[in-house]
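Here's a quick briefing to read alongside the model.

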Amino acid sequence: MRKPYIAGNWKMNLDRASGTALAKALADAVSDDSVEVAVAPPFVYLAAVAEAVKGSSVRVGGQNMYHEASGAFTGEVSAAMLLDVGCDFVILGHSERRHVLGETDEEINRKVHAALAAGLDVILCVGETQAERESGSTEAVVKRHMTQGLAGVTAEQMARVTIAYEPVWAIGTGLTATPEQAGEVHQYTRGLLSGLYGSEVAETTRIQYGGSVKPSNAAELLAVPDIDGCLVGGASLKPDQFLPIIEAAKSLVS
Ligand code: PGA
């Protein structure tokens with residue numbers, strides 16, 4: 001059984017006071033580790049949030065990083081820096097990085113390697129735009145994101161990789177993929193993992209769903225066999241929205 005993994009991607013939201021208050025509320029509420037819970041605050045609040053959740057099982061991660069270890073890369077942050085401020089994972093290839101900030105699969109792959117080599121776990125985001133879905137290329141896009149994003153990653157390293165399927169048309173739009181739509185792509189993605197790494201890796205790798213997850217739809221999405229958790233944006237910014245999503249995951253394992 002894959003342990004459900006609920007991660008909150010704060011994006012460019014909250015401030016030091018509201019972020020640490022949210023982190024403390026999560027740390028107090030997450031009393032057991034039947035569900036893995038994580039938050040990804042903006043870089044500048046990582047240390048404060050890591051301090052706020054200290055002693056709890058809530059994990060803290062970056063929303064992005066640069067693939068080089070150090071040097072003249074103005075504005076960038078390395079894997080070692082994320083580790084240094086208390087992160088143990090990083091989100092890579094988020095659709096906003098791909099589509100707003102122009103990251104390519106090749107760049108994302110370099111980041112995946114740098115993160116894993118430094119000791120960070122990775123959440124690799126994959127998913128199609130609305131136009132890609134409408135033109136029937138959802139599977140081709142997910143396949144490209146998976147094969148190019150994971151190029152050169154070993155089966156052993158996959159123990160530290162989570163995939164997040166996030167249809168771009170469902171992110172921040174209020175449109176959620178139906179459990180059937182999401183389930184189809186999750187099943188396809190697990191099949192890709194099996195082809196790339198064999199059945200054991202395919203069975204143990206977690207695949208999160210992301211895109212307008214909220215308390216009212218989390219349970220039905222999480223009930224889909226190949227959906228192993230959620231990557232939550234907007235609804236991760238308030239305890240009264242995020243905690244019920246964690247509860248929905250808990251009720252499936254208890
Ligand atoms: P959303 O964002 O939950 O606000 O749609 C999800 C994500 O981008 O990870």
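Let's start with Glu-203, which sits in helix H9, residues 199-204. Keep in mind that this is a predicted model. With a relative accessible area of 48%, Glu-203 comes out as partly exposed, since the buried label needs a value under 20% and the exposed label one over 50%.

- Setting aside residues up to four places away in sequence, Glu-203 touches Arg-2 and Arg-190.
- Glu-203 and Arg-190 are 13 residues apart along the chain, and their C-alpha atoms are separated by 7.6 Å.

**How H10 packs on H11**

- Helix H10 covers residues 215-222 and helix H11 covers residues 239-253; their axes come within 9 Å and cross at roughly 25°.
- That angle makes H10 roughly parallel to H11, because anything under 35 degrees gets that label.
- As for handedness, H10 and H11 cross in a right-handed way.
- On the H10 side, the contact is made by Pro-215, Ala-218, Ala-219 and Leu-222.
- On the H11 side, the contact uses Asp-240, Gln-241, Pro-244, Ile-245, Ala-248, Ala-249 and Leu-252.
- Sorted by class, the contact of H10 with H11 has nine nonpolar residues, one polar and one charged.

**The buried side of H10**

- Which residues of H10 are buried? They are Asn-217, Ala-218, Leu-221 and Leu-222.
- What covers the buried residues of H10? The cover includes strand E1 (5-9), helix H8 (179-197), strand E7 (207-210), strand E8 (229-232) and H11.

- His-186 belongs to helix H8, and at 0% relative accessibility it counts as buried.
- Not counting residues up to four places away in sequence, His-186 touches Tyr-165, Ile-207, Gln-208, Tyr-209, Asp-226 and Ile-227.
- Gly-210 is part of strand E7 and is buried, with a relative accessible area of 0%.
- Once neighbours within four places in sequence are left aside, Gly-210 is in contact with Tyr-165, Glu-166, Pro-167 and Leu-231.
- Tyr-165 is on both contact lists, touching His-186 and Gly-210.
- Gly-210 and Ile-6 are 204 residues apart in sequence, yet C-alpha to C-alpha they are 9.9 Å apart in space.

**How H5 packs on H7**

- Helix H5 (residues 105-118) and helix H7 (residues 138-149) pack with their axes 8 Å apart, at an angle of about 45°.
- Is the pair parallel, perpendicular or oblique? H5 and H7 are oblique to each other.
- The crossing of H5 and H7 is right-handed.
- From H5, Asp-105, Asn-109 and Val-112 meet Arg-144, His-145, Gln-148 and Gly-149 of H7.
- By class, the contact of H5 with H7 divides into one nonpolar, four polar and two charged residues.

**Ala-50 in H2**

- Ala-50 is found in helix H2, residues 46-52.
- Buried or exposed? Ala-50 is buried, as its relative accessible area is 15%.
- Leaving out its neighbours within four places in sequence, Ala-50 is in contact with Val-60, Val-85 and Gly-86.
- Ala-50 and Gly-86 are 36 residues apart along the chain, with their C-alpha atoms separated by 5.6 Å.

**Backbone points to check out**

- Most residues other than glycine have a negative phi.
- Lys-11 is not a glycine, but has a positive phi of about 50°. Lys-11 lies in the loop between E1 and helix H1 (16-29).
- Ser-212 is not a glycine either, and its phi is positive at about 55°.
- Ser-212 is in the loop between E7 and H10, and with 17% relative accessibility it counts as buried.

Key
Residues are numbered from 1 along each chain as its sequence is written. This is a predicted model: local features need pLDDT of at least 70, side-chain atom pairs count only at pLDDT 80 or more; totals for chains, interfaces and linings use all residues. Side-chain values use heavy atoms; hydrogens and water are left out. Axes are lines fitted to C-alpha atoms, for helices over the stretch in contact, and angles run from 0 to 180 degrees between N-to-C directions. Helices (H or I, at least four residues) and strands (E, at least two) are DSSP runs, numbered from the N terminus. Angles under 35 degrees count as roughly parallel, over 145 as roughly antiparallel, 65 to 115 as roughly perpendicular and the rest as oblique. A crossing is left-handed if the near helix is turned anticlockwise from the far one by less than a right angle, and right-handed if clockwise. Contact means heavy atoms within 4.5 Å. Ala, Val, Leu, Ile, Met, Phe, Trp, Tyr, Cys and Pro count as nonpolar, Asp, Glu, Lys and Arg as charged, and the others, Gly among them, as polar. Buried means under 20% relative accessible area, exposed over 50%, partly exposed in between (1.4 Å probe, protein chains only).
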